[in-house]
Structures are given as C-alpha cells and as structure tokens.
Amino acid sequence: LNQAGLPSPKAHTSTLISGIMTSADDFAVNIRNKIQAGINRRDDSFLASFYQRKIAGFGTSALNQQQFTSVLEELGIYLKGEEIQIFFRSMDANNDGVMDWEEFKRAVHTPSTMEQLINTLPISQIFADAIPNMKDTDRLRLFCQLTSEQIDGIIQGAIPYLKSIFEDAVDKIKISEEAKDKSKANQSTGKFEVPPEMSAGSVEDFLGGLTARIGDPVVGDFWKIVESEHCKSTDSSVPFLTSNYGITTTPAQEWEITTKQNASLADMRHDRRLPNPEELWGSDLSKRAGLTLIEVVVLVLYTGPMFALYNAALRRWPKAESERGNRYT
C-alpha cells in the first residue's frame, strides 16, 4: 500500500482484474482499500499531512502538473488524456503553474463523475427509511440510541435494496455505453467525406461525436445531476463574464435565479427577463414537445448568461471559459 492506503497503480489494476476474474476475496479486499483511501482523502488533517510529505519528497513548496497527477493517482484519483491538463488549469486559481495546498485540497474534494452518479441514487433514503420510528417519539433520539446489533440489522436489511439500486444503475449505464459504441461505429463508416481540418477541431474530433467532446452522460436523477453540475462542481462559485452584455455571475447563482426565481441575485440590466420554467413547462408547446421540467430549466438557463459556458464546453473556445473544469455533460 502507498501512503494514501491504496495499492500502487500497477498493483491496483492487477488486484482489481484478478479480483473480478478469479478471487472474490481479493476483490473485496481491494474494495475495502479503495473505501479507506476515499475516507482518508476526505479527511483534511490526513490530506494536509499527505500533501506536506509529498512536497517535502519532491523538494518543492507546491506541485507541478506532473507531480500533481502522480499524487492524485496515489490517492486513487485517475484522470485520462487531456482531462489532466484541463483539470490542473481549472484548479490552479492564481495561474502560477503549480498547485499549492488550498488549490490541491479543492481539487481532491471535487466530486468525480462517479460520485455525482452515486449521489443521484436513493441510497440515503433507503437508510433513512430503515431507522426505527415510533409514534410521538423523536426519531433523532431513537437514532442516537441504536445499538451495534441494531445497526448491523439495518445494514443487512438494506443490502437487497442497495443491490437492486446498483444493478439498475449498472444496466442503465451499460445501455448508454452500448449506444455510444454503436454511434462510434456508425460514425466511422466513411460514408461522409470530411475536410481534413475544421474550425472547431480535427477530423478525429468530428468522428468522436458529442461524447468525445464533453464526456459520457451521467444516468440517474437528471434534476440532481444538472443541479450538481451547476452548484457542486469545480467552477460552480467561480465568476465568469458574458461577452454580449458584460454580466458577471456564477453557475450556482444562475441555478438559484432560474429554479427559485430569485431576481435579487440577477443583473437585470439590458431588459433581462426571468422566464418561469414551471409555467413554460405547463404550456401547450412544451407538452406537445414532450419536454420534462429539467429540460425546460436548461433551456431557460441557456437563454441567460450560462450560454457562454455551455457554448465554450462544446467549442473549447474561448480558452478561459472552456478550461474551467466543467463540461456540463
């Protein structure tokens, strides 16, 4: 195990594969190691000590991109390809090319795509429902009186439901992945002749499709997913400036303005209007189109300042907006 409590990257891969293919016991041990490593990296005191040990080992006062990538892998966080560069730049708040402690802590605590997916599953509700309830009794008082045996009973009772929830999520992701593979196969048939260069990218970008551009869609409760992207992502509280009217705002602020109709947070210059998503959702046009409420919310967000970040995620331009670390999948 490394300093973060995980097997080294090569050992991690080997153990995981052998755990799946040959040994359930090895797989279970690997999972426990991963859970413990996750608990460790969410503990600021552990993370601070770990960070200090790493920079002392490197003989530096902060981490460059290569060191940052290596340290993330020791913590069980794996990025691929250009994700590393984009993520590093989006976390490097002062653009000095290195990751100091505060920037590093923020990066490690940024929810991964998998964390965002799991957050949409009704796991917390399952455990909340399992807590004993009695008429005219404070449930929090009952909760703090649970014995170890009762806690074991709650966990055992929840397992079949948790298994069902996970299996359903796995099936949905599998369908999504198969559709993505099929789409890639269809795009690679050579049916359409494409110029060797395009203003927004290369032929490879074109053949990669939307998934290659912004990543795989997260399957689950779409309201929670979209809310998380706007309110709990790396750039949620980072201000941006629109190019048309010069409005400064943040993704989290725009979510609050749109979903809660909080006009006090909005820059109302230039005759900005705040359409009510629920009223639009109830319109005949929306009903004929079969739109869901969250789809209407996103349409309203796009008509406001958020268009700048949505377009930047697709176009990868302007550079500053496209490298904020959020692709709004």
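Ala, Val, Leu, Ile, Met, Phe, Trp, Tyr, Cys and Pro count here as nonpolar, Asp, Glu, Lys and Arg as charged, and the others, Gly among them, as polar. The views below are taken from a predicted model.

**View A. The lining of the largest cavity in the predicted model.** A search of the whole structure finds one cavity of 30 Å³ or more, and the largest cavity has a volume of about 30 Å³. Its lining is made up of Phe68, Thr69, Leu72, Glu73, Ile77, Tyr78, Leu79 and Ile84, which by class amounts to six nonpolar residues, one polar residue and one charged residue. Helix α4, spanning residues 65-74, supplies the largest share of this lining, namely four residues.

View B. In the model, the chain over residues 293-314 is 86% helix and 0% strand, with its end C-alpha atoms 23 Å apart.

**View C. The crossing of helices α16 and α17.** Helix α16 (residues 293-303) and helix α17 (residues 307-315) have axes that come within 7 Å and cross at roughly 95°; because angles of 65 to 115 degrees count as roughly perpendicular, α16 is described as roughly perpendicular to α17.

**View D. Residues in contact between α16 and α17.** From α16, Val298, Leu301 and Tyr302 meet Phe307, Tyr310 and Asn311 of α17. By class, this contact of α16 with α17 comprises five nonpolar residues, one polar residue and no charged residues.

Technical notes:
Residues are numbered from 1 along each chain as its sequence is written. This is a predicted model: local features need pLDDT of at least 70, side-chain atom pairs count only at pLDDT 80 or more; totals for chains, interfaces and linings use all residues. Side-chain values use heavy atoms; hydrogens and water are left out. Helices (H or I, at least four residues) and strands (E, at least two) are DSSP runs, numbered from the N terminus. Axes are lines fitted to C-alpha atoms, for helices over the stretch in contact, and angles run from 0 to 180 degrees between N-to-C directions. Angles under 35 degrees count as roughly parallel, over 145 as roughly antiparallel, 65 to 115 as roughly perpendicular and the rest as oblique. Contact means heavy atoms within 4.5 Å. On a 1 Å grid over the protein atoms alone, a cavity is a set of points where a 1.4 Å probe fits but cannot get out, and a pocket is an open set with protein on both sides within 12 Å along at least five of seven lines; lining residues have an atom within 4 Å of a point. Grid points are joined across faces, edges and corners, and a volume is the space filled by probe spheres set on the points.
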